[in-house]
Amino acid sequence: MVALRRPLQTDLPSVVAWYRDPEIARLTRYQTRQMTQAEIERFFQVRMLAPDALAYSIVELPSKRFIGFTTFSALDGDNGSVMFHITIGEQDAWGRGLGTEATQLMLHHAFDRLGLHRVGLSVFSYNTRAIRAYEKAGFRIEGRLREAIQRQGSYFDEVQMGILADEWVAAQYGTAATDGDADRSFVDEVVASR
Ligand SMILES: CC(C)(COP(=O)(O)OP(=O)(O)OC[C@H]1O[C@@H](n2cnc3c(N)ncnc32)[C@H](O)[C@@H]1OP(=O)(O)O)[C@@H](O)C(=O)NCCC(=O)NCCS
């Protein structure tokens, strides 16, 4: 089980380590060059710590271990849409359902709290674990940018996925109550210690 909390300055060393992990870079980065420390710190300050950043740290429960982060970008108020991103950096946390859970918490946030109409994402075609997790959370494949990603001389598609508000509501119908998920959107005592 996971919860989302506001990012803390003390999260930075983990984020630096994750971005230096070649496997995470392969799965998440458009560029093949490794990010510098300065670039990671700037990303962390601007995209995670800034007051207007729609970014959350993912903690595993009950330990509250910091295992990854998730963000929204390109918030478009006119059209009620946003782009979703997630990185679980601790590889021992992969494949245990935690990413699907965190994605669902973010969708709950987007649709039930922010009142958005659409959440979109892009994922590399070879990232089958991510695509499966997104499908389990309710995303559908909408299209592909053919051979948009080059890795070691081979080209791969960039897959575009999306979920609409009514699809989210339909997916919730008959499943476990979302009230508990709402409680886990933020771990109050962790936020308070900021
Ligand atoms: C993508 C990510 C968020 C998914 O979270 P997760 O907790 O690992 O995924 P889950 O356990 O919730 O779901 C994974 C699903 O894919 C399946 N899966 C796992 N490894 C797989 C693989 N190598 N190939 C295909 N499917 C795989 C699992 O069996 C599971 O499906 P199931 O429940 O039907 O059996 C996480 O792995 C991650 O952050 N990875 C590194 C960064 C990344 O890829 N970010 C996304 C960039 S778009």
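Ala, Val, Leu, Ile, Met, Phe, Trp, Tyr, Cys and Pro count here as nonpolar, Asp, Glu, Lys and Arg as charged, and the others, Gly among them, as polar. The structure is a predicted model, in which local features need pLDDT of at least 70 and side-chain atom pairs count only at pLDDT 80 or more, whereas totals for chains, interfaces and linings use all residues. Residues are numbered from 1 along each chain as its sequence is written.

The protein chain contains eight helices and seven strands; helices (H or I, at least four residues) and strands (E, at least two) are DSSP runs, numbered from the N terminus. Of the 194 residues in the protein chain, 28% are buried. A residue is buried if 20 or more other C-beta atoms lie within 10 Å of its own, exposed if 12 or fewer, and partly exposed in between, with C-beta atoms placed from the backbone. Two residues are in contact if their C-beta atoms, placed from the backbone, lie within 7 Å. Among contacts between residues at least 6 apart in sequence, 60% join residues at least 24 apart.

The ligand has 22 residues around it, of which Ile 88, Gly 99, Thr 100, Ala 130 and Arg 132 come nearest; a residue is near a molecule or strand if its C-beta atom, placed from the backbone, lies within 6 Å of it. Helix 2 (22-28), strand 4 (81-88), helix 4 and helix 5 are the elements that give two or more residues to this shell. Helix 5 supplies the largest share, six residues. By class, the shell consists of nine nonpolar, nine polar and four charged residues.

Helices 4 and 5 also meet each other. Two packed helices are described by the angle between their axes and the distance between the axes. The axes of helix 4 (residues 98-113) and helix 5 (residues 128-137) come within 9 Å and cross at roughly 45 degrees, and helix 4 is therefore oblique to helix 5. Axes are lines fitted to C-alpha atoms, for helices over the stretch in contact, and angles run from 0 to 180 degrees between N-to-C directions. Angles under 35 degrees count as roughly parallel, over 145 as roughly antiparallel, 65 to 115 as roughly perpendicular and the rest as oblique. On the helix 4 side, Gly 99, Thr 100, Thr 103, Gln 104 and Leu 107 take part, and they meet Ala 133, Tyr 134, Lys 136 and Ala 137 in helix 5. This contact has four nonpolar, four polar and one charged residues.

Most residues other than glycine have a negative phi, and most peptide bonds are trans. The peptide bond from Leu 61 to Pro 62 is cis, with omega near 10 degrees, and Pro 62 is found in the loop between strand 2 (54-60) and strand 3 (65-76). Lys 64 is placed in the loop between strand 2 and strand 3, and its phi is positive, near 65 degrees. Lys 64 is partly exposed because 15 other C-beta atoms lie within 10 Å. Gln 152, in the loop between strand 6 (140-151) and strand 7 (154-164), has a positive phi near 50 degrees. Gln 152 has 6 C-beta neighbours inside 10 Å and so counts as exposed.

Finally, Val 16 belongs to helix 1 (residues 12-19). With 16 C-beta neighbours inside 10 Å, Val 16 counts as partly exposed. Not counting residues up to four places away in sequence, Val 16 touches Gln 37 and Ile 40. The C-alpha atoms of Val 16 and Ala 38 are separated by 9.8 Å, although these residues are 22 residues apart along the chain.
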